[in-house]
Amino acid sequence: MASDERKTKVDHDNPPFSRLFVVCSKNHNEDDIKEAFGSYGKLQDVWVVTDRNTQERKGIAYIKFEKASEAHIAMEKLHGETVGGDSKPLKVLLADNKGQSRSVSGETKPRSRIFILVPKTMTSSEVEEEFAKFGSVDHVQILTDRSSGESKGCAYVKYVKPSSAFVALEECDEKYRAVIAEPRVPRDARSGGFGNDGRDSSSRHLDHSRRGGYNSGGYVQPDHSNQIQVETLICLT
């Protein structure tokens with residue numbers, strides 16, 4: 001598929017976090033990539049990057065999945081594995097969406113938490129039981145009023161694997177208005193304990209959740225960073 005056709009036919013940012021960046025061998029061709037990644041979900045686009053002048057493969061590729069959960073499962077399964085008879089292990093990362101950030105080390109920050117709306121009478125055990133059907137739950141945090149200790153009617157569910165969080169996002173009951181939560185920011189990196197817009201993360205997650213959750217594009221996305229520099233660094237390491 002030509003680059004111009006790729007831009008018009010496939011929305012690489014819809015849904016967010018559904019596109020992978022792969023550092024592979026220069027021997028890997030499109031068929032190798034499709035065969036390896038296609039077993040984990042529906043592929044919408046595969047681009048093995050080549051030199052514009054020589055057409056030589058550069059040893060990097062982009063893979064766009066139909067679902068973010070499929071991309072995460074493929075990433076978890078294939079990172080560090082060898083495919084297509086080549087001995088070089090794959091390095092599989094999430095490709096940046098517009099508005100997505102990476103950590104200083106160049107690794108995409110894992111998103112293994114979802115933010116949900118729940119009845120104020122629902123306990124953390126009940127939330128865990130409900131959401132464990134999508135994967136192993138690390139912990140549940142129901143937000144409470146500091147003064148009364150009563151539930152605010154919203155909660156975070158932290159999964160062991162990021163792929164489980166995206167499966168939950170896509171498949172849980174719409175009444176929970178699930179959204180993907182931003183990774184936790186170290187306290188010393190915050191400005192007065194708030195994000196860039198001056199509000200704590202739970203307030204921003206609640207705004208996105210009230211807009212309709214996953215089916216209304218309910219992903220929470222942090223600020224954009226320059227992926228070209230990051231990917232160049234990755235290729236050289």
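Select Phe 131 and Tyr 176 to start: Phe 131 is buried, and Tyr 176 is buried too. Buried means under 20% relative accessible area, exposed means over 50%, and partly exposed covers the range in between (1.4 Å probe, protein chains only).

Before moving on, note that this is a predicted model, in which local features need pLDDT of at least 70, side-chain atom pairs count only at pLDDT 80 or more, and totals for chains, interfaces and linings use all residues. Residues are numbered from 1 along each chain as its sequence is written, and side-chain values use heavy atoms, with hydrogens and water left out.

**Stop 1: the aromatic pairs**

Rings of Phe, Tyr and Trp (its six-membered ring) pair if their centres lie within 6.5 Å; planes under 30 degrees apart count as stacked, over 60 as edge-to-face and the rest as tilted. By this rule there are six aromatic pairs.

Select Trp 47 and Tyr 62. Their rings are stacked, 5.5 Å centre to centre with 20 degrees between the planes. This pair links distant parts of the chain: Trp 47 is in strand S2 (residues 43-50) and Tyr 62 in strand S3 (residues 57-65), 15 residues apart. Helices (H or I, at least four residues) and strands (E, at least two) are DSSP runs, numbered from the N terminus. Trp 47 is partly exposed, at 31% relative accessible area. Tyr 62 counts as buried because its relative accessibility is 12%.

Go back to Phe 131 and Tyr 176. This pair is edge-to-face, 5.0 Å centre to centre, with 65 degrees between the planes. Again, distant parts of the chain are linked: Phe 131 is in helix H4 (residues 124-131), and Tyr 176 is in the loop between helix H5 (162-171) and strand S8 (179-180), 45 residues apart.

Phe 21, Trp 47 and Tyr 62 make up one aromatic cluster.

**Stop 2: strand S7**

Select residues 151-159. This is strand S7, mostly covered, with seven of its nine residues buried.

Show strand S6 (residues 137-144) next. S6 pairs with S7 in the antiparallel sense over six bridges; two strands pair if DSSP finds at least two bridges between them. Ile 142 stands opposite Ala 155 in S7. In the hairpin of S6 and S7, six residues lie between the strands, and Gly 149 takes a positive phi near 80 degrees.

Now show strand S5 (residues 113-117). S5 and S7 are antiparallel partners over five bridges. Arg 113 has Lys 158 as its bridge partner in S7.

**Last stop: Arg 113**

Keep Arg 113 and select Tyr 156. Arg 113 lies over the face of Tyr 156, 4.4 Å from the ring centre. A charge sits over a ring if NZ of Lys or CZ of Arg is within 6 Å of the ring centre and within 35 degrees of the ring normal.
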